Amino acid sequence: MNPVLLRSSLRHAICLSSPPLRGIVDTPLVSPPLASCWRSHRDGWNAGPELRWGTTSTSSLKGLRKFKVFCSSVDSRPVGEQRDEAPVSSSQSGKEEQIEGEGYGFLGLGIMGVAMAKNLLKLGVPLTVWNRSSDKCAPLVELGATAAKTPAEVVSKSKITFAMLADPAVALTVAVGPGGVVDAITPGKSYVDMSTVDAETSVTISKAITSKGGRFLEGPVSGSKKPAEDGQLVILAAGDESLYHDVAAPFDVMGKKAFYLGEIGNGAKMKLVVNMVMGSMMTAFSEGLSLAEKAGLKQTDVLDVLELGAIANPMFKLKGPSVIKGSFPPAFPLKHQQKDMRLALALGDEVAQPMPVAAAANEVFKKARNLGLGDNDFSAVYKAIAESS
Ligand SMILES: NC(=O)C1=CN([C@@H]2O[C@H](COP(=O)(O)OP(=O)(O)OC[C@H]3O[C@@H](n4cnc5c(N)ncnc54)[C@H](OP(=O)(O)O)[C@@H]3O)[C@@H](O)[C@H]2O)C=CC1
Ligand SMILES: O=CCCC(=O)O
């Protein structure tokens, strides 16, 4: 049986089985429809008040994602009305040609975008991509995507277009500039911007998209290059709730968890809060490592001690050894971390929240940028601290 059909049948069997199906279902990692079914039930998306969950869990096991399914009720709506439907692909429809305007699109193939777009291809849905530097489209084209010349061309070929762009100015240009997303938006088309921007930018883009009858969702992410490659991002979505439901399958292949945070701007704000904490932590961590060295301690001992205490965390564990080695290959470019500190501080201004720690950390990131470290990993802020006289 065609694997797509098999997955689809399995999903429908689980979603629609009555009496409810109880047990454990193993499904390949690239089985988004089932994943979506699982998630829609986990989150209660399709649930009437009668939907109740027992335990749910996921874990990786020999390349399989294991879903424990304890449905005590099921979505009884016709499949076509469920919210996890992906656009129709030629392979799913049995037609040889891509149905114009029915695929996914992706704009911005930087460190994050290329990994996220590769994961989208796992859905078996046609994918059209665009990047300012067109050479970055090549790895995706090799995997079956089509390259477009403008963001508008991507949107015209796609039902839902995703974006992962550098900053607010770029996100705005790509959305509303000439040849941009809005030029090709018509009713029925949707745009999901996953870039880290401020709430105001998101609201502006949302208004431009919706004024042409399209739907808009913001979906900035927590997690860096490796989680993006592994489809383990945390997605902070806000905006059009029906679109949030419609992108269940893409979010499942790109992320490990999606939050729906309500009105447009809330995703951007959440992301800035999280990255403000992260930037302040990285600065404090760097000061600690530098202080230790200057005080005659071994930096590796500092890592070992931190790892066993109350402030142990994945970031210190991951970045610590490379900081000590003086190696800063970019996973999260320092220029983007400084942009996020700047945007978080602006949010603080707006709501009159004093942020002395973040403000001090931002000064250090600015210094690091002035030292030419902007394209290094954000952990290179260590150099700005260690080399201070
Ligand atoms: N890296 C990370 O760990 C994470 C990053 N983010 C956020 O995701 C977004 C992308 O980050 P990341 O992939 O790391 O960054 P990169 O710098 O690797 O990629 C930036 C992307 O924006 C494009 N771009 C830059 N300037 C322009 C422009 N003037 N016009 C059109 N396109 C432009 C780049 O195109 P080109 O290739 O032509 O330069 C590239 O596609 C940022 O908002 C970042 O804050 C969020 C979570 C984690
Ligand atoms: O915006 C970048 C976040 C990086 C991370 O969450 O590890």
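Guide: Two helices, α4 (111-121) and α16 (334-350), each contribute at least two residues to the shell around ligand 1. This is a predicted model, and in it the shell comprises 24 residues. The closest of these are N131, S133, K136, S224 and K339. Sorted by class, the shell contains 12 nonpolar, 8 polar and 4 charged residues.

The position of the ligand can be understood from the domains. Both domain 2 (101-263) and domain 3 (270-386) give residues to the shell, and ligand 1 therefore lies between them.

Several contacts involve oxygen atoms of the ligand. At L109, a backbone N or O atom is 3.2 Å from an oxygen atom of ligand 1. At I111, a polar backbone atom lies 2.9 Å from an oxygen atom of the ligand. R132 takes part through its side chain, a polar atom of which is 2.9 Å from an oxygen atom of ligand 1. As for the surface of the ligand, ligand 1 taken alone exposes 890 Å², and the protein buries 87% of that.

A further question of burial concerns helix α7. In this helix, which spans residues 168-176, P168, A171, V174 and A175 are buried. These four residues lie on the same side of α7, because they cover an arc of only 135° around the axis. In general, an α-helix has 3.6 residues a turn, so residues three or four places apart point the same way. On the other side of α7, A169 and T173 are exposed.

Key
Residues numbered from 1 in each chain as written. Chains lettered and ligands numbered in written order. Predicted model: local features only at pLDDT ≥ 70, side-chain atom pairs only at ≥ 80, totals over all residues. Heavy atoms only, no water. Near = heavy atom within 4 Å. Polar contact = N/O pair within 3.5 Å; in protein donor to acceptor, adjacent residues only side chain to side chain. Areas by Shrake-Rupley, 256 points an atom, 1.4 Å probe, with all protein chains shown as cover. Nonpolar A, V, L, I, M, F, W, Y, C, P; charged D, E, K, R; others polar. Domains from an automatic or database assignment. Buried < 20%, exposed > 50% of the residue type's maximum accessible area, 1.4 Å probe, protein only. Arc of directions from axis to C-beta.
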